[in-house]
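This report describes one protein chain, part by part. Keep the sequence and the structure in view while reading.

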Amino acid sequence: MASISFRGLAKHFGEVVAVQDFTLDVPDGELLVLVGPSGCGKTTTLRMLAGLEAPTAGEIWLGETEIARLPARERNIAMVFQNYALYPHMSVAENVGFALRLAGVKRDEVARRVMTAAEMMGIGGLLERRPRELSGGQRQRVAVCRAIVRDPQAFLFDEPLSNLDAKLRMSARAEIRRLQQRLGVTTVYVTHDQVEAMTLADRMVVMHDGCIQQVGSPLDIYARPANTFVAGFIGSPPLNLLPVSVSGMLRLPQLLPSLGSEVATIGIRPESISLRASDLRRPLHFSAQLELVEALGAESLLHLRLGEWPLLARVPGTVTVSAGDELTLAMDGSSLCFFGHDGKLIDDSDTMPTHPSEPKP
Ligand code: ATP
């Protein structure tokens, strides 16, 4: 096991800048998730770490060794690919033991380590099968098994769950988390799915256009998104982002003077809007038109309109409202976020009163 450090890592494909100025330390044993929309540079970063892509610039340290220019086979790193990359003509046991045999490990030792890893992944009974005789979930376990059998210094996962159905994805996600905690191996995991990122990560790196936008624990990033890109990407559904011109309709003017003309965008969490002001610590009242109700069972999504702006609220599934209603709503003033003209979060912790009617301490 080892820590990983990226120093000014960059990758250009001709004119395309896939990754730039990627600098980050991953402590030993951490599960770090790289998350962002398609094309933001996640896979390229992971492939540079695995040795499958040569960086244009920068360094990668694995423990005390700079590995950016070492061939993949000389890095003690195991990667699980999106398509699992199993050899179709080999049995499960041969697939899992392949890298060990290549490394010259003796036959008995290979068999013993394959069996131990297979039992850990619950595929001990499948060792003689070929990949085509396995379900998608079983193939995914074989791919993970092939990574752990090598006892690597780091695990890399590139969207390993994207070929599984939603239910299986949830259980496989929990299994990967448990396994990583049990083995304590430093892990870098790539996904475009922010729910997967939030549930798996010790820390997340949100990427956009090849650049790191924010690094932090899932809850920190959720509570304090660094900019409007992160705010619009994280959360399910994500933050409502509204121009400051709606502040009158939201009856916010009392809040805004302390932030002055800096504010360009107001962020409102869908779950901080309620039909019952008594549920909220710091209620601010406003009216909006209900256009659509999406009933999801335990909760409902209310598609509202505030003047010309759409607004999404997440409320308990028990509320009874109908499309077309003009609703009086309340929202929690203490959960609002404000963003400046440059899109960055305005750190309001020093300037904002906790409530519009409360004096600043
Ligand atoms: P996805 O979630 O779709 O896999 P990603 O965030 O992993 O996306 P990358 O695959 O790292 O993104 O790609 C980053 C950028 O680099 C994209 O603009 C992509 O088109 C470009 N790119 C990646 N590989 C190559 C290549 N071999 N040649 C040219 N451009 C490439």
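Which residues of helix 1 are buried? They are Lys42, Thr44, Thr45, Leu46, Met48, Leu49 and Ala50. The model is predicted, and every value below is computed from it.

## Helix 1 and its surroundings

Helix 1 covers residues 42–50. Seven of its nine residues are buried, so helix 1 is largely enclosed by the rest of the structure. The residue that follows helix 1 is glycine 51, which has a positive phi, near 90°.

## Two domains

The chain is divided into two domains: domain 1 runs over 4–223 and domain 2 over 237–340. Between the C-alpha centres of domain 1 and domain 2 there is a distance of 39 Å.

## Salt bridges

How many salt bridges does the structure hold? There are nine. One of them joins arginine 7 to aspartate 25, with 2.7 Å between the closest N and O atoms. Arginine 7 belongs to strand 1 (residues 4–13) and aspartate 25 to strand 2 (residues 16–26), so this pair ties together parts that are 18 residues apart in sequence. Arginine 7 is partly exposed, because its relative accessibility of 34% falls between the limits of 20% and 50%. Aspartate 25 is also partly exposed, at 40% relative accessibility.

A salt bridge also forms between the side chains of arginine 203 and glutamate 30, at 2.9 Å from N to O. This pair links distant parts of the chain, 173 residues apart. Arginine 203 sits in strand 9 (residues 203–208), while glutamate 30 sits in the loop between strand 2 and strand 3 (31–35). With a relative accessible area of 22%, arginine 203 is partly exposed, whereas glutamate 30 counts as buried at 10% relative accessibility.

Aspartate 202 is paired with arginine 177 in another salt bridge, where the closest N and O atoms are 2.6 Å apart. Aspartate 202 lies in the loop between helix 6 (194–200) and strand 9, and arginine 177 lies in helix 5 (residues 166–183), so the pair ties together parts that are 25 residues apart in sequence. Aspartate 202 is partly exposed, with a relative accessible area of 29%. Arginine 177 counts as buried, at 15% relative accessibility. Elsewhere, Glu109, Arg112 and Arg113 are linked in a network of salt bridges.

## Cysteines

A disulfide is a covalent bond between the sulfur atoms of two cysteines. How many disulfides does a search of the whole structure find? The search finds zero. For cysteine 40, the closest cysteine sulfur is in cysteine 211, and the 10 Å between the two sulfurs is too far for a bond, since a disulfide needs them within 2.5 Å.

Cysteine 40 is buried, with a relative accessible area of 1%. Cysteine 337 also counts as buried, at 5% relative accessibility.

## A pair of packed helices

Two packed helices are described by the angle between their axes and the distance between the axes. Helix 2 (residues 92–102) packs with helix 4 (residues 136–148) at an angle of about 30°. The axes of helix 2 and helix 4 are 8 Å apart.

Angles under 35 degrees count as roughly parallel, and helix 2 and helix 4 are therefore roughly parallel to each other. Is the crossing of helix 2 and helix 4 left-handed or right-handed? The crossing is right-handed.

Terms used:
Residues numbered from 1 in each chain as written. Predicted model: local features only at pLDDT ≥ 70, side-chain atom pairs only at ≥ 80, totals over all residues. Heavy atoms only, no water. Domains from an automatic or database assignment. Salt bridge = Lys/Arg side-chain N within 4 Å of Asp/Glu carboxyl O. Helix = DSSP H or I, 4+ residues; strand = E, 2+ residues; numbered from the N terminus. Buried < 20%, exposed > 50% of the residue type's maximum accessible area, 1.4 Å probe, protein only. Axes fitted to C-alpha atoms, helices over the stretch in contact; angles between N-to-C directions. Parallel < 35°, antiparallel > 145°, perpendicular 65-115°, else oblique. Left-handed = near helix turned anticlockwise from the far one by under 90°.
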